[in-house]
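Please keep the sequence and the structure in view while reading.

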Amino acid sequence: MHEIGVLIEVVKSVEKFAKVNNVKKIDTLVLQIGELSSMIPKYMKSLYPASIEGTILEDSKLEIEILPANALCKSCNNVFNIILNKGICPKCKSKNCEILSGKEFYIKEIVCY
């Protein structure tokens, strides 16, 4: 479970942001996680309370937005969800594709009091 280590680094980044911007309390942290990311959203949610204990984020909420795993078919230029279509272009049935999105992990928003 590497999610706890990642969350601790996210908390450090948010605390650094808060210090620079003179923020005293965080209400909500919004993360974007790609469908192909190694981060598992349900683990992130369950580990969040432990990772924010004693920090400026204590009592804050965690929101997670899932970013789709999109691919570009190199045979017909169709963009499709690679997970839903099991890696096969639904238009031409080719497996020759390039991943466009879905591996991301971002801090999207920090909602302050």
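Leaving aside residues up to four places away in sequence, Ile4 touches Leu47 and Ser51, where a contact means heavy atoms within 4.5 Å. Ile4 lies in helix α1, which covers residues 3–20; helices here are DSSP runs of H or I of at least four residues, strands are runs of E of at least two, and both are numbered from the N terminus. The C-alpha atoms of Ile4 and Ile52 are 10 Å apart in space, although 48 residues separate the two in sequence. With a relative accessibility of 28%, Ile4 is classed as partly exposed. In this scheme buried means under 20% relative accessible area, exposed means over 50%, and partly exposed lies in between, with a 1.4 Å probe and protein chains only.

The model is predicted, so local features need pLDDT of at least 70 and side-chain atom pairs count only at pLDDT 80 or more, while totals for chains, interfaces and linings use all residues. Residues are numbered from 1 along each chain as its sequence is written, and side-chain values use heavy atoms, with hydrogens and water left out.

What is the overall arrangement of secondary structure along the sequence? The chain contains two helices and six strands, and their order is α-β-α-β-β-β-β-β. The radius of gyration is 18 Å, well over the 13 Å that the globule rule gives for 113 residues, so the chain is more spread out than a compact globule. This radius is taken over C-alpha atoms, and the rule is 2.2 Å times the number of residues to the power 0.38. Along its principal axes, the C-alpha trace spans about 55 × 30 × 15 Å. Of the 113 residues, 37% are buried. Among contacts between residues at least 6 apart in sequence, 68% join residues at least 24 apart.

Tyr106 belongs to strand β6, residues 105–112. Not counting residues up to four places away in sequence, Tyr106 touches Val30, Leu31, Gln32 and Leu67. A relative accessible area of 44% makes Tyr106 partly exposed. Tyr106 and Glu15 are 91 residues apart along the chain, and their C-alpha atoms are separated by 16 Å.

Two loops each hold a non-glycine residue with a positive phi. Asp59, with a phi of about 75°, is found in the loop between α2 (41–52) and β2 (61–67). Asp59 counts as exposed because its relative accessibility is 65%. Lys93, with a phi of about 70°, is found in the loop between β4 (79–81) and β5 (97–99). Lys93 is likewise exposed, at a relative accessible area of 60%.

The cysteines deserve a separate look. A search of the whole structure finds zero disulfides, a disulfide being a pair of cysteine sulfur atoms within 2.5 Å. For Cys73, the nearest cysteine sulfur is that of Cys92, 3.5 Å away, and Cys73 is in no disulfide. Cys73 is buried, with 0% relative accessibility, whereas Cys76 is partly exposed at 23%.
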